[in-house]
Each structure stands twice: as structure tokens, then as C-alpha cells.
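Please keep the sequence and the model at hand while reading.

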Amino acid sequence: MRTVLMVAEKPSLAQSIAKILSKGNCTSRKGLNGACSVYEYTGNFEGQTVRFKMTSVCGHVMSLDFIGKYNNWDKVDPAELFSKAPTEKKEANSKLNMVKFLQVEARGCDYVVLWLDCDKEGENICFEVLDAIQPVMNKGCARERSIYRAKFSSITDTDIWNAMNHLGEPNRNEALSVDARQELDLRIGCAFTRFQTKYFQGKYGNLDSSLISFGPCQTPTLGFCVERHDKIQSFKPETYWIIQAKVFKGKDSPLTLDWNRVRVFDREVGQMFVNLAKTSREAQVESVTKKEKTKQRPQALNTVEMLRVASSALGSDGWRLYEYITRHFIATLTQDCKYLQTTIDFNIGKEAFSCSGKTLISPGYTAVMPWQGIPLEEAMPDCERGDSFTVDEIKLVEKQTSPPDYLTEAELITLMEKHGIGTDASIPVHINNICQRNYVTVENGRKLKPTNLGIVLVHGYYKIDAELVLPTIRSAVEKQLNLIALGRANYQQVLQHALDIFKRKFHYFVDSITSMDELMEVSFSPIAATGKPLSRCGKCHRFMKCIQAKPSRLHCSHCDETYSLPQNGAIKLYKELRCPLDDFELVLWTSGARGKSYPLCPYCFSNPPFRDMKKGMGCNECTHPSCQHSLNSLGIGQCVECDSGVLVLDPTSGPKWRMACNKCNVVVHFFEHAHKVLVAQESCDNCDASLVAVDFNKTRTPLPAGDTQHRGCVFCDPVFQDLVELKHATMRHSIHRGGGVRRGGRGRGKGRRGNPKKPKDKMAALAAYFV
């Protein structure tokens with residue numbers, strides 16, 4: 001029996017389609033990646049009985065990135081990213097093992113039916129799936145078709161069966177247009193981002209943004225917000241006048257009339273009209289118009305419209321969004337709302353006025369979407385042409401024009417859609433990016449207010465090259481990409497043409513950066529004038545300043561050097577101790593009172609001293625053979641949770657002692673109230689972990705017989721077994737508290753450069769903490 005593999009874009013979609021096509025008679029199992037299920041059943045395909053396997057991916061299988069060496073900001077000129085830097089496809093989420101999962105399920109299959117979303121991104125994912133599975137599928141005869149594409153617009157029985165009965169082929173041109181967009185965004189965005197981030201973060205200390213990013217879609221998105229801000233700032237209120245008239249008939253409530261001239265900007269002219277109207281004490285009904293109108297039910301909801309609505313009475317409440325989508329769908333199937341609009345035209349003297357009101361005839365769709373219903377208004381009085389109303393009041397009212405408000409998220413989405421900035425999937429990503437980069441803040445009512453940094457960047461782009469921030473050039477690129485999708489333009493030619501344009505723009509931007517820098521100088525402080533003195537530089541031995549604004553870093557104004565620090569934690573001086581390699585004073589990074597902390601050398605952190613060290617490593621990963629702060633001196637044993645980490649003693653944690661993994665978030669608390677904890681040179685005979693010497697206070701010792709000192713393995717020693725507590729790990733099992741011999745994890749060992757040795761028995765090593 002032949003096998004058909006069917007792949008959807010999301011796990012929930014795969015489940016729905018499988019239930020419809022199998023009529024509920026399918027079995028299910030979890031895939032090897034744990035995120036995607038596989039649904040199996042027997043059915044008919046192309047006139048034969050086959051076994052169906054329905055599964056899914058989780059969005060894009062692959063993502064585009066530069067090859068390894070071109071991801072080093074310090075060694076690569078950003079200009080090289082436009083042409084010289086090779087790119088490669090990498091798994092979008094390596095933890096999902098999506099390629100391996102697809103290959104396991106596709107092995108031995110004869111056909112594949114692709115149920116990816118019916119848009120260009122979905123078409124692109126089709127070919128990502130095919131690239132993964134075709135090498136392991138059965139090879140049919142050359143003339144036999146094996147790849148099919150399902151096209152559907154809703155998950156209903158009718159639509160799914162119709163798609164299954166009219167299978168087509170994936171569209172290579174649409175997939176190529178997405179490949180082109182991905183490469184353009186990667187090369188252009190990375191080149192501009194790297195240059196301006198390094199340039200400005202090296203000069204200003206209070207930018208408060210860890211990344212000064214640029215994006216072909218992100219930057220025009222910010223431009224819309226700043227454009228509205230500029231209109232608000234440059235707005236000058238203007239005084240105008242309106243005539244307010246109130247009339248009544250008998251005992252009816254007064255009617256407030258609207259002046260047909262609307263307003264005037266000259267007070268004397270307005271007063272003249274008031275005087276003319278006051279010559280009459282009656283208002284004559286000129287006409288009464290009654291017209292039945294309809295308010296059309298909504299169109300089917302698309303993704304962009306959903307984003308716009310969700311951003312403007314819904315907030316982040318998922319259930320309310322579900323309810324809205326349901327109500328919207330029902331509303332598309334109901335009748336239009338019908339109402340009667342009555343307009344009464346009046347003459348007071350020679351001036352014309354009017355008033356209008358609405359009366360509901362049939363609520364239609366507004367019964368399920370009441371917020372769009374016709375508001376209740378006072379009933380209009382019964383009258384006809386020639387009737388007279390008594391004038392109650394006529395007066396001139398002074399008002400002022402008001403500035404526009406900041407863009408709401410919903411308004412921004414509308415502008416992005418109108419100008420072709422982003423796709424329905426990427427629009428929220430671009431908006432989120434300008435918030436994350438501290439370019440805008442979200443105020444009450446989901447209004448987007450630009451920060452100083454966002455304003456300066458946009459104004460700087462306008463000074464250098466307005467096309468970098470205007471939506472016009474991105475719209476032009478999108479039109480070219482659409483030609484690729486339609487098969488009317490060559491992929492490589494469009495890509496190269498766009499890259500050539502932006503490469504020239506990049507070089508001009510670099511040459512003209514002082515124009516933007518002049519604006520930066522006005523809004524931000526030089527890095528030398530920012531921060532507080534913290535630790536001494538190893539080169540000049542003067543104090544360096546710690547800059548707390550993101551990204552936090554150390555700056556030596558004498559040497560004019562800036563040193564990176566780990567983020568999202570607190571930095572303080574570490575006992576005025578110095579690095580034996582470069583004489584820089586060590587600093588201590590901590591994530592909180594009961595979290596991880598470790599010392600680091602500011603110079604080594606950015607300039608790894610040994611080949612097996614990477615940029616961004618602290619002393620807890622340093623392989624110095626003899627330094628008292630290094631992994632070789634303080635490392636204890638293999639991490640109980642991850643495969644690559646080592647548990648390292650935190651020498652500053654007493655009296656609540658702990659060791660923490662130098663790779664993941666595992667923190668092990670042990671020997672509370674101990675006076676001293678030292679890592680010994682000896683290793684455990686069972687597990688190779690380093691032995692630990694503990695000295696307790698006499699009055700608080702937990703050791704048997706009142707002993708205050710003990711040396712042993714924290715993994716294997718029975719005396720220590722109840723003095724260890726696992727925290728902050730994703731625990732796969734409960735902590736072992738039984739007696740008997742216990743095997744520990746990987747120790748520091750005495751291998752080359754202090755690298756940890758392999759455990760003698762890895763399962764036994766884990767048993768030290770997990771049953």
C-alpha cells in the first residue's frame with residue numbers, strides 16, 4: 001500500500017484537516033520533536049487505496065542568515081554584506097528539529113500533499129518542506145506525479161474536500177519572491193544596523209537602546225509615527241467662530257441646529273451673520289427629508305483587518321479576540337442594518353440651519369456587533385414645510401482648531417497596508433520592533449508616541465536620504481517582487497538591482513553620517529560624560545565609568561575605549577581583584593538575590609584570551625589554568641540539566657552558598673550558613689567531580705556529631721546529600737533523596753586547559769539529582 005504524506009502549516013490546522021478527511025476515523029501520535037502530531041488513516045487517492053499521514057510544521061522551517069564568520073560585527077565591514085557575504089538556510093528553530101522530524105515521517109512515502117497557507121509565505125514554506133523530504137521519499141517513475149498542492153480559504157468540510165479533489169502544484173515563482181524579500185531584508189537591514197549601532201553606541205552613553213536597528217519595512221513604519229509627531233509639534237491653533245442656534249415648538253424640548261456655513265475665521269463676519277439671524281424671532285421649516293439608509297454588514301475578516309480591530313476596544317485578551325472573530329463571522333451572514341434618517345432644514349432670517357436624527361428600522365448585523373449599532377437619539381419633532389419654531393437662542397461661539405493625535409496602532413496598520421509596508425504576518429513584527437528598540441512608546445489608547453531616539457533617527461534619515469524612511473522605495477521594491485511572483489521578472493535580476501540601489505545608498509549614508517550625528521549631539525550626552533565610576537582600566541589604571549542605559553557597558557574616557565558587559569542584570573565591583581592576564585579590575589554580574597552571578601574581566605569579555613573561549617564569556621567559563629576565578633579553579637561538575645554546562649561555585653554567595661551552570665539557568669543551593677566553601681584539587685573517584693571542602697559555624701553546623709568541617713563530593717557523598725537543593729532548572733524528575741552510593745556529574749577534571757572530563761556513566765551522573 002502506498003503512503004501519502006500531508007503537511008499543514010500549523011499543528012491545529014493539521015488536526016482539523018485530518019478529522020475532516022478521515023471523517024473522524026484517524027489515529028494520532030506525537031512526532032519526535034514533541035511539537036507536532038501525526039494523524040494516520042486509510043483512504044482513496046488517485047484511484048487507489050493508500051495510507052495517509054497528516055502532520056504539520058510550525059511556520060517557516062528554515063530562515064536565512066549569513067555564514068558564520070560574517071556574523072562577527074567586529075571583523076566584517078558592513079558594506080561587504082551587500083554582495084560578498086554568502087548566505088545559508090538554517091533551521092528557523094533548532095530546538096524543534098523540524099527537518100529531522102519531516103524526514104522521519106517522509107521516509108518511504110510515495111506522495112506529498114502540501115496544505116500550507118494559501119499566500120506567498122505559505123508557498124515558500126512548501127519548498128522548504130520539499131527540500132527536506134524529497135531526498136528520503138520513494139522514487140517513482142519519471143512520469144509519475146508525486147507533489148501536490150491544496151488550495152483552500154476556510155476550514156470547512158466543503159472547502160477542505162473541494163481542495164482535496166482539485167489538487168494543484170506549488171508555485172515556484174511566488175516562493176522565489178519571498179526568498180528575494182528575505183535576502184533583501186537581511187542584507188540591507190544588517191548592513192545599516194551594524195554601522196549605525198557601532199557608530200552611535202561608541203559616542204553616546206544615554207541612547208537607551210541595545211540595538212539601533214534599521215529595516216526596509218521597520219524604518220518607514222517608524223517614519224509614519226514621527227511624521228504624525230512632527231505635525232503635532234508644528235501645529236498652530238487657529239481661532240474660528242460658529243453660530244449656535246436653539247429653537248423649540250410648543251412644549252417640545254429645544255432643538256440645537258447646525259449652521260450651514262459651518263464656521264468663519266473672522267469674528268466680525270461671524271457677528272454680522274448673528275445680527276442678520278436675530279432679525280427674525282422665528283425659524284421657518286424649509287424642508288423635511290426622510291430617507292431610508294442601510295449600514296452594510298462587514299466583509300469577511302482578513303488578517304490585517306483583524307490586527308487593526310484587535311489593536312483598537314480588544315487589548316491583549318485572547319478570549320475577547322476569539323469572541324470578536326466569531327461575532328464578525330456571524331455578522332457577515334446576517335442582514336444589513338436599516339435606519340431612517342430625518343433631516344430638517346430651517347431658515348432663521350436669511351441664514352440656513354439644519355438638524356438631523358436617525359431612527360432604527362432593523363438592527364440586522366448590529367444585533368451581534370452592538371458596538372456598531374445606530375446610537376439612540378432624541379426623536380425628531382413632527383413637522384412639515386412652512387411650520388414655524390420659536391427661536392430660543394442665537395449666539396456666536398468661539399473655538400480653536402486642534403492638532404491631530406498621535407497615531408493609534410490601528411491607524412498605523414492602515415497606513416502600512418495602504419503603502420505596501422510589510423505583509424499580514426510581518427506588520428505586527430515591525431510595530432513590535434520599533435517598540436522594543438525604544439523608538440516609540442505605547443500610550444493610553446494604543447497610541448504610538450516617538451521617543452527622542454526615534455525622532456532623531458527619522459530626522460537624520462530625512463537629512464541624508466529621505467528615501468530610507470519614506471514608504472515609496474519599499475513600495476517600488478514590493479512591486480518588483482510581485483513581478484517575480486507573477487513570473488514576469490527574473491528573480492536574480494530584481495534582487496541584484498535592489499541590492500545595487502541600497503548599496504549606493506549605504507555608502508552615501510556612511511559618508512554623510514555627520515548630518516545625523518549633529519542631531520544626536522543635541523539630544524544625547526557623550527559617552528565620556530555618562531555613567532558613574534566603577535572599576536579601573538588595565539591599560540591606564542584610571543577609573544572607567546559604568547553606563548547603565550541599554551546596552552550597559554564600561555567606558556574609559558582616557559583610553560577612549562568601550563567594553564561590553566552582560567545584559568539584564570546588575571554590575572558591581574568585585575573585591576577590587578584584578579585579572580592576571582590584563583590587570584583590569586574584575587566586576588561582578590548578578591541576575592538577582594537568588595539567581596546566577598559570576599565575575600568577569602571587562603577586557604576578556606570582549607577579547608577572549610584563549611582559543612576555546614568565545615566573546616561574551618565570564619570568569620566562570622575562562623580556561624585559565626591557574627587563575628583563582630577561572631573555571632579550572634571553581635568548576636565542580638557537569639550541569640544536571642544541560643549537556644554542555646559546568647556547575648561553578650559562586651564564591652560571593654555565602655552564607656547562602658550556591659553553584660550555577662555556566663551555560664544555562666540551573667542554580668544549585670547548598671551548605672547554607674557554612675562559614676567557608678572551597679573547591680579542592682582532588683576529584684571524586686566515582687564521577688570525576690571536584691571535591692568540596694566545607695567549614696560550618698559551630699553553632700549552626702548540620703554535620704553529624706557536631707562536626708564543623710567535611711570534604712567530599714556534592715554528588716556522591718552521603719553526608720552532603722541532604723544539604724543540596726536544585727533551583728531554577730526545568731526539572732525532568734524529582735530530586736533524589738535516597739541513601740546509598742550516589743554518582744555525580746562531570747567534574748572539572750585535569751584535562752587540557754581545565755576542560756571538564758566526560759562522565760564515567762552519564763545516567764549515573766544524572767541520578768545524583770534525578771530519580
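Which residues of α13 are buried? In this predicted model, they are I473, R474, S475, V477, E478, L481, I484 and A485.

Helix α13 covers residues 472-485, and its 14 residues should span 20 Å at 1.5 Å a residue, which agrees with the 20 Å between its end C-alpha atoms. Its buried residues pack against α3 (120-133), α5 and α14 (491-511). In an α-helix there are 3.6 residues a turn, so residues three or four places apart point the same way. After α13 comes G487, whose phi is positive, near 80 degrees.

L468 belongs to the loop between α12 (452-464) and α13, and it counts as buried because its relative accessibility is 3%, where the limit is under 20%. Leaving out residues up to four places away in sequence, L468 touches F192, F214, T219, P220, Y461, F502, K505 and F509. Ten residues separate L468 from V458 in sequence, and their C-alpha atoms are 9.0 Å apart in space.

## The second largest pocket

The second largest pocket holds about 990 Å³ of space. Its lining is made up of 29 residues, of which D74, K198, S564, S606 and K615 are the closest to its centre. By class, this lining comprises nine nonpolar, eleven polar and nine charged residues.

Which elements each supply at least two residues of this lining? They are α5 (172-201), β20 (561-564) and α16 (602-606), and β20 provides the largest share, with four residues.

The largest cavity contains about 130 Å³ of space. Among its 17 lining residues, those closest to its centre are C579, C601, C604, C619 and C622. The lining of the largest cavity divides into 13 nonpolar and four polar residues, with no charged ones.

The second largest cavity contains about 80 Å³ of space, and of the 13 residues that line it, S597, Y598, N620, V648 and L649 are the closest to its centre. Strands β23 (597-600), β25 (646-649) and β26 (658-661) each supply at least two residues of this lining, with the largest share, three residues, coming from β23. The lining of the second largest cavity has eight nonpolar, three polar and two charged residues.

Is T3 buried or exposed? T3 counts as buried, because its relative accessibility of 6% falls within the buried range of under 20%. T3 is placed in strand β1 (residues 2-8), and, apart from its neighbours within four places in sequence, it is in contact with R51, K53, C109, D110 and Y111.

S253 lies in the loop between β9 (239-248) and β10 (255-259), and at 49% relative accessibility it counts as partly exposed.

## Backbone geometry in loops

Most residues other than glycine have a negative phi, and most peptide bonds are trans. Against that background, the peptide bond from K550 to P551 is cis, with omega near -10 degrees, and P551 is found in the loop between β18 (543-547) and β19 (553-556). The bond from G654 to P655 is also cis, with omega near 10 degrees, and P655 lies in the loop between β25 and β26.

N438, which is not a glycine, has a positive phi near 65 degrees; this residue sits in the loop between α11 (427-436) and β15 (440-443) and is partly exposed, with a relative accessible area of 23%. For H541, likewise a residue other than glycine, phi is positive and near 65 degrees. H541 lies in the loop between β17 (532-536) and β18, and at 37% relative accessibility it counts as partly exposed.

## Confidence in the model

The average pLDDT of the chain is 88, and 93% of the residues score at least 70. Over residues 728-771 the pLDDT is below 50, although in the model this stretch has 127 contacts beyond near neighbours in sequence.

Note on methods: Residues numbered from 1 in each chain as written. Predicted model: local features only at pLDDT ≥ 70, side-chain atom pairs only at ≥ 80, totals over all residues. Heavy atoms only, no water. 1 Å grid on protein atoms, 1.4 Å probe; cavity = no way out; pocket = protein on both sides within 12 Å on 5 of 7 lines; lining within 4 Å. Points joined across faces, edges and corners; volume = space filled by probe spheres on them. Nonpolar A, V, L, I, M, F, W, Y, C, P; charged D, E, K, R; others polar. Expected span 1.5 Å × (residues − 1). Buried < 20%, exposed > 50% of the residue type's maximum accessible area, 1.4 Å probe, protein only. Contact = heavy atoms within 4.5 Å. pLDDT = per-residue confidence, 0-100.
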